[in-house]
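Open the model in your viewer and keep the sequence panel beside it. The tour goes from one selection to the next.

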Amino acid sequence: MKRHGSSWPEPLDAALRVALAKGCTFTQAAAVLKDLFGVELSRSAVGGRAFRLGILADRAATREKALQSLVTARAARQPAKYPPRPKPKVKPMPAPQQFTCDAITGLRQADVVPRLLPLLDLAPDQCRWPYGDGPFVFCGCRVWEASPYCAEHTGLARSSGTRGEQMATRGLERVA
Ligand SMILES: [Zn+2]
């Protein structure tokens with residue numbers, strides 16, 4: 001494909017100079033050239049030619065026109081049919097907690113007094129954190145948001161763990 005580059009005829013360049021001198025944007029200058037000479041030029045083609053000719057668009061005038069057309073477009077816009085939907089409120093995650101460790105197992109514990117409910121007594125909004133070696137009983141406190149656990153046990157489940165636990169996890173990843 002032949003580039004317009006240096007092959008622009010002199011009258012086109014002259015018209016472009018005049019259009020830009022009168023404060024046209026590149027898009028408007030392209031429209032003027034199409035009108036005068038019947039040539040289809042993109043905004044960037046006109047901008048490139050202007051750059052090669054050393055013509056700088058009047059930035060202040062161009063910006064003024066762009067802002068004006070923005071104001072016109074905003075004024076012409078239909079008002080929204082419905083008010084904007086309120087954003088759902090998301091409760092922040094519970095603050096990171098300091099966990100105590102079980103003296104015998106060394107496992108972290110949440111600072112919560114479990115109700116130790118059997119599975120069949122658990123309501124959908126009660127924490128499902130298990131206790132015991134089986135048959136298991138469950139925490140039974142009220143769940144946090146959409147979590148299956150209460151806030152304390154959610155924090156325990158999502159925390160990155162103690163240093164020892166992290167090292168054990170990394171070790172297991174290497175073995176696997
Ligand atoms: Zn719980």
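A contact means heavy atoms within 4.5 Å. Helices (H or I, at least four residues) and strands (E, at least two) are DSSP runs, numbered from the N terminus. This is a predicted model, in which local features need pLDDT of at least 70, side-chain atom pairs count only at pLDDT 80 or more, and totals for chains, interfaces and linings use all residues. Residues are numbered from 1 along each chain as its sequence is written, and side-chain values use heavy atoms, with hydrogens and water left out.

**Whole chain.** Colour the protein chain by secondary structure. It holds six helices and five strands, in the order α-α-α-α-β-β-β-β-β-α-α from the N terminus. Of its 176 residues, 23% count as buried; buried means under 20% relative accessible area, exposed over 50%, and partly exposed in between (1.4 Å probe, protein chains only).

**Helices H2 and H3.** Select residues 26–37, which form helix H2, and residues 43–52, which form H3. The axes of H2 and H3 come within 8 Å and cross at roughly 95°. Axes here are lines fitted to C-alpha atoms, for helices over the stretch in contact, and angles run from 0 to 180 degrees between N-to-C directions. H2 is therefore roughly perpendicular to H3. (Angles under 35 degrees count as roughly parallel, over 145 as roughly antiparallel, 65 to 115 as roughly perpendicular and the rest as oblique.)

Now show side chains. On the H2 side are Phe26, Thr27, Ala29, Ala30 and Leu33, and they meet Arg43, Val46, Gly47 and Ala50 in H3. By class, this contact has six nonpolar residues, two polar and one charged. Ala, Val, Leu, Ile, Met, Phe, Trp, Tyr, Cys and Pro count as nonpolar, Asp, Glu, Lys and Arg as charged, and the others, Gly among them, as polar.

Which residues of H3 are buried? They are Val46, Gly47, Gly48, Arg49 and Ala50, and what covers them includes H1 and H2. Just after H3, select glycine 54, which takes a positive phi of about 80°.

**Two residues in loops.** Go to leucine 116, in the loop between strand E2 (108–109) and E3. Leucine 116 has a positive phi of about 50° although it is not a glycine. Glutamate 145, in the loop between E5 and H5, also has a positive phi of about 50° without being a glycine.

**The zinc site.** Which atoms coordinate the zinc ion? They are the SG atoms of Cys127, Cys139 and Cys150 and the ND1 atom of His153, at 2.0 to 2.3 Å. Donors are N, O and S atoms within 2.8 Å of the metal (3.2 Å for Na, K and Ca); water is not among the atoms, so sites may look incomplete. Along the chain the donors follow the spacing C-x11-C-x10-C-x2-H. The angles between the four donor atoms are 103 to 122°, so the arrangement is tetrahedral. (Four donors count as tetrahedral if all angles lie between 85 and 135 degrees.) Finally, select cysteine 127 and cysteine 150: both are buried.

Methods: Tetrahedral: all angles 85-135°; square planar, octahedral: opposite > 155°, others 65-115°.
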